[in-house]
Amino acid sequence: MNRTIRRAATVTLLLVMALLLRVTWVQMVNGEALADDDQNRRNTIEEYAQPFGDIIVGGKPVTGSKRAEGGGDLHYKRTYTDGARYAPVTGFSSQVRGATQLEGIYQDVLNGTDDRLKSPLDMLTGEQAEPGNVLTTIDPEVQRAGSEALGDKKGAAVAVDPDSGELLGVVSTPSYDPSSFSGSGEDDDAAWQKLTARGGNDKNDDKPTLNRALRQAVPPGSTFKLVVAAAALENGLYSSVDQHTDSPDPYTLKGTSTVLHNENRAAPCEDATLRTALRYSCNNVFAKLATDLGEKKVRAQAEKFGFNDEKQDVPVRAATSNYPEKMDDAQTGLTGIGQFEVTATPLQMTMVSQAIAHGGELVDPHMVSQVQDASGHTLQSYEDPDSHRVMSQDSAAQLRSAMQTVVDKGTGSNARIDGVTVGGKTGTAQHGVDNSGTPYAWFTSYARTDSGKKVAVAVVVEDSDAARAEVSGNGLAAPIAKKMMKAALR
């Protein structure tokens, strides 16, 4: 063999060895990353190769599957029953736009690619397993009641069983039908563009795909006064909701000349008890309470309820409800009435009433009870949630009594239910620069039957056809909460 041939053979051998090393590297080191890459079309083909598993509400699926049209390589697409009603629970699964909420969290179970679904033989052969199902805690009648009561209003509502932490209703309006864009055709794209476009009936400001119940925190207004009242009792500032407070009316925010008036200037708010202050929603009492307690004590109590928790999963991650830091006395006073930089999701304000209704103990709220394989065997259970104490049983009992007074004799009269003990707190929160936006109407509440059945509900109405002067928690939000509570206690 001459020198030229020998050199060529050597170079060729080295190239072959380099190629083998590269293939080995790709398969052994980068193989899993490449297989999981979002740009890998084979993953999408595998995901849509068979009918999906289902999300179950009240023992019945609210999702389904059907053959995709057009003869492409994505054989099935997602369908939804009462899609707009349950979209705040299910989220969406789209061939083009991915999956959100429960559809996204449990995507591998629902499309059959989760390894827990596979038999040992499936693992060896690489065969796709039969998809599993996700069982929710949602009560279809509670969900229906909230959805129909909110109607065309922009807002949200959450209902929870205080003792178990099971979410019974998660409502957000305006909503959308996930079926309309679950495929990859022109009609699906047009539906998505219409949903997200500005103008027409689907203004971008409406954000129909935003889950307002879990994912939007706004000023809670006077509903936050329950948190301040709990802090006052727990820190011994006052020993009873019937003890008179030292509260001038009107109240001048400490360190300023700003005078804080009450909405109802004829209300008996001067030196009012906590019961009376909650009944008439006295700003002077709670602004002074927050100032006297100081921001650290109010924040500590708020955080026991769930404020400032950045990992609040139900299992969909909720937006963080905020209680601010590094405030002066005047700003702390404003937080006492749920203003300044305090924000809360409807889920968070439901948790406030939930803990009060459950004797001061907060059970982690959740909307999935079990994840099952196709045979009904449990892969994951959420039926034994964690809990922690927010306040003493005595403080909770006193607040329940005061909230009942709000409904029986105060600003929450529209939530009364014959034969049922109902307690609540109204709120009307300012928003926008110089309060230029339509106020938020809030109501957070609990109800209990003589047999001991309970429910806690919070509602916020961001926008409605009511005149600005008529926006109130009792007028707009309390009737919605009432309908959801009646449905839960039926």
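In which helix do Asp-292 and Lys-288 both lie, and how many residues apart are they?

Modeller: Both lie in helix 13, residues 283-293, and they are four residues apart, about one turn of the helix. Helices (H or I, at least four residues) and strands (E, at least two) are DSSP runs, numbered from the N terminus. This is a predicted model: local features need pLDDT of at least 70 and side-chain atom pairs pLDDT 80 or more, while totals for chains, interfaces and linings use all residues. Residues are numbered from 1 along each chain as its sequence is written, and side-chain values use heavy atoms, with hydrogens and water left out.

Back to the pair. Asp-292 forms a salt bridge with Lys-288, and their closest N and O atoms are 2.8 Å apart. A salt bridge here is a side-chain nitrogen of Lys or Arg within 4 Å of a carboxyl oxygen of Asp or Glu. Side chains of opposite charge can pair when their charged atoms come close. Lys-288 counts as buried because its relative accessibility is 15%. Asp-292 has 40%, so it is partly exposed. The cut-offs are these: buried is under 20% relative accessible area, exposed is over 50%, and partly exposed is in between (1.4 Å probe, protein chains only).

Phe-286 is one of the residues with the most contacts inside the largest nonpolar core, which has 84 residues. Phe-224, Phe-305, Phe-307, Met-367 and Leu-399 are listed with it. Such a core is a set of buried Ala, Val, Leu, Ile, Met, Phe, Trp, Tyr and Cys residues joined through side-chain atoms within 4.5 Å. Helix 11 gives the most to this core, with eight residues. Leave aside the neighbours within four places in sequence, and Phe-286 touches Lys-225, Val-228, Ala-229, Leu-274, Ala-277, Leu-278, Gly-336 and Ile-337. Contact means heavy atoms within 4.5 Å. Another core lies apart from this one; it has 31 residues, including Val-420, Val-455, Met-484 and Ala-487.

Now the aromatic rings. Rings of Phe, Tyr and Trp (its six-membered ring) pair if their centres lie within 6.5 Å; planes under 30 degrees apart are stacked, over 60 edge-to-face, and the rest tilted. That rule gives seven aromatic pairs. Phe-181 and Trp-192 make an edge-to-face pair, 4.9 Å centre to centre with 65° between the planes. Phe-181 sits in the loop between strand 9 (167-173) and helix 9 (186-196), and Trp-192 in helix 9, 11 residues apart. Phe-181 is buried because its relative accessibility is 0%. Trp-192 is buried too, at 18%. The ring centres of Phe-224 and Phe-307 are 5.4 Å apart and their planes meet at 80°, so this pair is edge-to-face. Phe-224 lies in the loop between helix 10 (212-215) and helix 11 (225-234), Phe-307 in the loop between helix 14 (295-305) and helix 15 (329-335), so the pair ties together parts 83 residues apart in sequence. Phe-224 is buried, at 0%, and Phe-307 is buried, at 1%. Phe-181 and Trp-192 also belong to one aromatic cluster with Phe-92 and Tyr-176.

Pro-315 lies in the loop between helix 14 and helix 15. The peptide bond from Val-314 to Pro-315 is cis, with omega near 5°. The bond from Thr-173 to Pro-174 is cis as well, with omega near 0°. Pro-174 lies in the loop between strand 9 and helix 9. Most residues other than glycine have a negative phi, and most peptide bonds are trans.

Asp-82 has a phi near 50°, a positive value in a residue other than glycine. Its place is the loop between strand 4 (76-80) and helix 4 (83-90). Asp-82 also meets Arg-85 in a salt bridge (3.8 Å, N to O). Arg-85 is buried, at 16%, whereas Asp-82 is partly exposed, at 43%.

The whole structure has 17. Arg-317 and Asp-313 are joined by one of 2.7 Å, N to O. Arg-317 is partly exposed, at 40%, and so is Asp-313, at 36%. Salt bridges that share partners also join Asp-54, Arg-78 and Glu-103 into one network.
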